[in-house]
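Please look at the sequence and the model first.

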Amino acid sequence: MVEFKLPDVGEGMHEGEILKVLVRPGEAVVQDQPVIEVQTDKVSAELSAPATGVVQEIRIAEGDTVEVGTVLLVIDTGAASGEGTEAKPTVTPVSAPEKQSTATVPARQGASRSLATPYVRQLAREMKIDIEQVSGTGPAGRVTEEDLRQFASAGQKRALQEVSATAFAAAPVNEPAEPARPVTPAAVSKTAEQEKPVQKQAASQASALPVGVGDHLIERLPLKGIRKKISEHMVKSVTVIPHVTSVDELEMDQLQALRERLKPHAEKKQLKLTFLPFFIKALVIALKEYPVMNASIDDATNEILLKRFYHIGIATDTPDGLIVPVIRDADRKSIFQLAAEIKQLAELARQGKLTLEQITGGTFTISNVGPIGGLQATPIINHPEVAILALHKMEKRWVVREEEGVIRQMMNISLSFDHRLIDGVTAVRFTNRIKELLEDPNLLFAEMV
Amino acid sequence: MVVGEIAIETDVVVIGGGPGGYAAAIRLGQLGQSVVLVEKEVLGGVCLNRGCIPSKALIHAAGEYHKLAGLGKLGIRLPDGSAAFHMPDWQAWKESVVAQLSQGVEQLCQANGVTVVKGSATFLSADRIGVETGGDFETYKFRQAIIATGSRPFAPKALAPDHERILDSTDLLNLQELPKSLAIIGGGYIGMELGMALAKLGTSVTVVEAAPGILPQTAPHLTQEVRKQAKKLGISVKTATKVEEISRSGDQVTLAVLSEPHGREELTVDKALVTIGRVPNTGDIGLGQAGVVIDEKGYIPVNAECRTNQPHIFAIGDVTPGPALAHRASKQGIVAAEVIAGLPSSVDSPYVPYVIFTDPPIAGVGLTPEEAKEQGYRVRTASFPYRANGKALVIDERDGFAEVVVEEDTHLLVGMHVVGADAPNLIGEGALALELAARVEDLALTIHPHPTLSEVWLEAAEAALGHAIHIVNKK
Ligand SMILES: Cc1cc2nc3c(=O)[nH]c(=O)nc-3n(C[C@H](O)[C@H](O)[C@H](O)COP(=O)(O)OP(=O)(O)OC[C@H]3O[C@@H](n4cnc5c(N)ncnc54)[C@H](O)[C@@H]3O)c2cc1C
């Protein structure tokens, strides 16, 4: 008998959310066969069976948040010697009579396939829902039409919140702590919030019973998974770090012209060249000149850690919330290399396939909210870093040059910094330097290593 | 290829007019796509012209003929005490059935705006096919394509049919005269179906099977009744026996067979039928030029949407890995058509029922008890015998049983199998029950009409719950 406990899969994580249980009681498992999917601090990991045997008991349910060390399932290793311990390859229900090949019919019928009628499956496809993600409330756990609708509306709410959160936020880490911002027409009102709590369903997906207050609907969703992590992180960041934000504007005309010239070259490499790689380049040059911006404070020992490497976090909007993949050693990569890496990381982030390694160890974060809009913001620092830069939308504005009003491509940037460590003067000089490098990109190239 | 050829443009080309291809073409037509369906022989494919339909026509005739002998018991006397089977009349009748069906397919294609082209198609590139008809060569440019070229009998060189004395299943179904003696090489479902039919019509049949038992793909407890009946019909079954050599000797054929206990033996018969497998028709249709890959056995791997590695080219039916069954081909055809038309569709069910038209027939869906155990289920099985069913006795069909495989914890049905009269019709209920994720109680609580064979399901389900009415329940 082996008890399989939630291991610490990431740096010092202490809990995880059970996304999916891939086995059932009575099922034979072999060592290293994936059995459970957990979502930890921003990564989802597949946990595999520690031993070969038969699953005796499953102690958790999909959707549970459990602490490291909690027993997830019990494997009877004694049963292993008996029968069916090997994960049998595809067994065909009496197949291909008179046929040469061994037929391959989708393996394992009931075990991993959720229960639903063909019509409900069809409906799920129409609604673009992966039926395996929906927990059924029907007899024996069958997924019903109603379950699909619940799942869809919960998903929609989630999506709306994320969009709004991103729109409000100037940085990956400064999202509102409360999960439900008033984004839906009939959303939360203070009085409604005080109504008696809505009973939560056991279902793993954010499924809450909507409650009516007159014709205003409130929905209560559990604050969990990534959203919960973000919220905890935010609170810590703003309570520990005294934030100051300074805003500046950049003239982008020369950079834009340069980018236009480089675009065809990028296309040859199948790259989409955005402004971001140029910003990263300017940023690392400035960081080298102002080491205090690429630092962190060790709160425990009261030490300042100056980092001589430049791992730049890029806030990325994903269906699961904002994630910050990290570009390592950004100072040693070319503009094109950066563009390629951004593309690759963004893709992985959207598919939820980033590894822990790819989202940790950043030294400075850039949040690019320009594509969505907004003039300025207070980005919240990605603790324990000491500063964060937000890029806002680029637009044509009237500006005065040599006593004359002219139209230029302008972009605002907001820099939040940790006032414990960084003085306002340093911060402004730092942004001035970035500004200088980007307004005349020739300088950028002159400084590049 | 003619230089400067002009390609005819179409949304979709479907290559092969079998149950996969024609179903796809008709569905595409319904969904408003322009479709060209290319068929080199006759619409309906193997299934309609030389497979399911002709073989079942023969099996039905043989069954009816065989029954005559037992009619005396029911009080029916034939005037002169005997009956005769006239093969040419049967051929004519079979042809009329096939013709009616294939005309039906033709009309349905027409009514749904499908352009049917007679000819042999080859891919020229990833968006063009060439079709050869007699001396003509026409090219078609397509946006999407469906490969449905089906399969053909497999025979190694040593067993190659000469189509005169050494036959494949197509030859056998086209015979104008019954052979006096027939050796069947391969005791799979086609061999056993045809062997039993011919035995009933008076042919002396020997089955040679290399595996330890006949119908090697089917669970032994389900094939037991067939083994018994084969014996009663006088079929000589040689299992664990290999055919070493086959040669013509005058107007007969001689088989040299080898087995453990008997060593080498010789067997001389009028005709031999080779049914040892089928191979996909993927070798000479220019798949390389279309960039479509095949596996080492020649099958085209596809995903649940029936897409090949080339996302705009689909493959369905016997050319894809999986059981070679007409209903699977049709399902895949419909899914491929719907995916092409942009509908969300998918072959996402593991429940492909199988039917074997032996005597008694066998049919099933889902897992057998052994398979369920292998896959880690804890299951309970229960069965109900035909001889305890009123209708079975009334129609003098007392051999067989229905079996349900039930998951112990949830009582969900994971498999249903039936051996006995009308099994192929009865399994429809099983397929529906499994698709609806029914529990064994659902089956037991459904009122089944009486007296019918379908009551065997009701009673098997009740037996699983420990309270069947018409048998003594196991404690
Ligand atoms: C004796 C026998 C009995 C059977 N009994 C049953 C049964 O009871 N139940 C069951 O479900 N299945 C049965 N089958 C199997 C069934 O017939 C096949 O699974 C089914 O026909 C496969 O359909 P398909 O559409 O994939 O291909 P096919 O039916 O093989 O059709 C393919 C078509 O493509 C055409 N074609 C091939 N190449 C080209 C080309 N290059 N250009 C144009 N046309 C081309 C062929 O002429 C053919 O008409 C039986 C088979 C046999 C031989």
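Q270(A) sits in the loop between α5 (253-268) and α6 (276-289) of chain A. Helices (H or I, at least four residues) and strands (E, at least two) are DSSP runs, numbered from the N terminus. Q270(A) is not a glycine, yet its phi is positive, at about 60 degrees.

This is a predicted model, in which local features need pLDDT of at least 70, side-chain atom pairs count only at pLDDT 80 or more, and totals for chains, interfaces and linings use all residues. Residues are numbered from 1 along each chain as its sequence is written, chains are lettered from A and ligands numbered from 1 in the order in which they are written, and side-chain values use heavy atoms, with hydrogens and water left out.

**The sheet of chain A**

Chain A has an open sheet of six strands with mixed pairing, in the order β11-β20-β19-β18-β14-β17. The edges are β11 (243-251) and β17 (326-327); each has a single partner strand, so one side of each lacks a neighbour in the sheet. Two strands pair if DSSP finds at least two bridges between them. Strands of a sheet pair through backbone hydrogen bonds, either parallel or antiparallel.

| Strand pair | Direction | Bridges |
|---|---|---|
| β18(A) and β19(A) | parallel | four |
| β19(A) and β20(A) | antiparallel | 13 |
| β11(A) and β20(A) | antiparallel | nine |

L391(A) belongs to two of these pairings. It stands opposite I413(A) in β20(A), and N368(A) stands opposite L391(A) in β19(A). L250(A) has M411(A) of β20(A) as its bridge partner.

The hairpin of β19(A) and β20(A) has two residues between the strands, and E402(A) there takes a positive phi near 50 degrees. Helix α9 (residues 424-439) of chain A lies across β11, β18, β19 and β20 and runs at about 25 degrees to β11(A). Contact here means heavy atoms within 4.5 Å. Axes are lines fitted to C-alpha atoms, for helices over the stretch in contact, and angles run from 0 to 180 degrees between N-to-C directions.

**Cis peptide bonds**

H383(A) and P384(A) are joined by a cis peptide bond with omega about 10 degrees. P384(A) is in the loop between β18 and β19 of chain A. In chain B, the bond from D359(B) to P360(B) is cis, with omega near -10 degrees. P360(B) is in the loop between β18 (354-356) and β19 (362-366) of chain B.

**The sheet of chain B**

Five strands of chain B form an open sheet with parallel pairing, ordered β8-β15-β9-β10-β11. β8(B) pairs with β15 (residues 271-274) over two bridges. I166(B) stands opposite A272(B) there. Helix α6 (residues 189-200) lies across β9, β10 and β15 of chain B, at about 160 degrees to β10(B).

**The ligand**

The shell around the ligand has 38 residues, of which E39(B), K56(B), A121(B), D318(B) and A326(B) come nearest. A residue is near if one of its heavy atoms lies within 4 Å. A ligand nitrogen is 2.9 Å from a polar backbone atom of A121(B). A ligand nitrogen is 3.2 Å from an N or O atom in the side chain of Y189(B). A ligand oxygen is 3.3 Å from a polar backbone atom of L325(B). Taken alone the ligand exposes 1000 Å², and the protein buries 97% of that (Shrake-Rupley method, 1.4 Å probe).

Terms used
Polar contact = N/O pair within 3.5 Å; in protein donor to acceptor, adjacent residues only side chain to side chain.
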